[in-house]
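Me: I would like to go through this model and ask what each label rests on. Please set the values against the cut-offs.

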Amino acid sequence: DCTAGTNGSCGGSNRVGATEDGAQASVSCQGSAGAVCSQQLSVVSAATSRSPGNHANATSRCGSEGGAGSQWCATSAAAAPSDDGAVGQAACQGSAGADCRHEVVADSSAASSTGANRADAHSHCNATGGGGGGWCATTAIAQTTGNSAVAGAGCTGSAGVDCARSYRASSASAASGGGASAAARAVGSG
């Protein structure tokens, strides 16, 4: 928005663009002496993805407001699950004064049981920040058979990522015959 002074001039322009992966915007306002300029912009990108036991959310936003001059900012976000994990990423950048924020959350869970054998796993990550970008990824596996159990969980991401994971597997079996018996049990966790 631009208001010119007496016998003055002013002009403003803006550009916006968006794709499946991100968005960007720019604004500009210039005027002669006495002109009053006002500009504002806001950009948001978000992605969500989900599969059984796995989900990821990514959000990136930026905005600014001011007077004469020009400003811009751009955001991107992506999220993708797989059979045993999830990953998300978000990024934000802009001109000086652009208020950038990004956040990524991913979560994976798995469970399995066969007879007396049990396996459970869970992993969670969170990556947040301002300008720049972040990502994080989680995995969880749980598999059992008639005589075994396996569980595992993993978490990784960009600098400063907050990770939490846990897993547990237990297996038990017993046999008897001819007046003799045997039993075995094993438990592992992390």
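Me: Which residue of β12 stands opposite Ala142?
Reply: Ala142 has Ala151 of β12 opposite. This is a predicted model.

Me: How do you know that β11 and β12 are paired, and in which sense?
Reply: Two strands pair if at least two bridges are found between them. β11 (residues 132–144) and β12 (residues 149–157) have nine bridges, in the antiparallel sense, so they count as a pair. The link from β11 to β12 is a hairpin of four residues.

Me: What makes β8 and β11 a pair?
Reply: Eight bridges hold between β8 (residues 85–94) and β11, again set against a cut-off of at least two, so the pair qualifies. The sense is antiparallel. One of the bridges puts Gly85 with Thr139 of β11.

Me: How many bridges join β7 to β8?
Reply: Nine bridges join them, and the two strands run antiparallel. Since at least two are required, β7 and β8 are paired because they meet that cut-off. Ala77 has Ala90 in β8 as its bridge partner.

Me: What is the order of the strands in the open sheet?
Reply: The six strands are ordered β2-β3-β7-β8-β11-β12, and the pairing is antiparallel.

Me: Why is Gln71 called buried?
Reply: Buried means under 20% relative accessible area. Gln71 has 11% relative accessibility, so Gln71 is buried. Gln71 is located in strand β7 (residues 69–81).

Me: What makes the approach of Gln71 to Ser64 a polar contact?
Reply: The cut-off for a pair of N or O atoms is 3.5 Å. The side chains of Gln71 and Ser64 come to 2.4 Å, so the distance lies within that limit. Ser64 is also among the residues that Gln71 contacts beyond four places in sequence, a list including Ala25, Val27, Gln39, Leu41 and Ser95.

Me: Why is Ala116 called partly exposed?
Reply: Partly exposed covers the range between the 20% limit for buried and the 50% limit for exposed. Ala116 has a relative accessible area of 42%, so Ala116 falls in that range. Ala116 sits in the loop between β9 (99–114) and β10 (117–129).

Me: What does Ala116 touch, apart from residues up to four places away in sequence?
Reply: Ala116 touches Ser170, Ser171 and Ala172. The C-alpha atoms of Ala116 and Ser173 are 7.2 Å apart, although 57 residues separate the two in sequence.

Me: How many helices and strands does the protein have?
Reply: The protein has zero helices and 14 strands.

Me: How do you know that the protein is more spread out than a compact globule?
Reply: The globule rule gives 16 Å for 190 residues, whereas the radius of gyration is 27 Å, well over that value, so the protein is more spread out than a compact globule. The C-alpha trace spans about 110 × 25 × 15 Å along its principal axes.

Me: What share of the residues counts as buried?
Reply: Of the 190 residues, 33% count as buried. The protein exposes about 10300 Å², of which carbon and sulfur atoms supply 47%. Among contacts with a separation of 6 or more, 54% come from residues 24 or more positions apart.

Conventions:
Residues are numbered from 1 along each chain as its sequence is written. This is a predicted model: local features need pLDDT of at least 70, side-chain atom pairs count only at pLDDT 80 or more; totals for chains, interfaces and linings use all residues. Side-chain values use heavy atoms; hydrogens and water are left out. Buried means under 20% relative accessible area, exposed over 50%, partly exposed in between (1.4 Å probe, protein chains only). A polar contact is a pair of N or O atoms within 3.5 Å; within protein, one must be able to donate a hydrogen and the other to accept it, and residues adjacent in sequence count only if both atoms are side-chain atoms. Contact means heavy atoms within 4.5 Å. The radius of gyration is taken over C-alpha atoms; the globule rule is 2.2 Å times the number of residues to the power 0.38. Accessible areas come from the Shrake-Rupley method with a 1.4 Å probe; for residues, only the protein chains shown count as cover.
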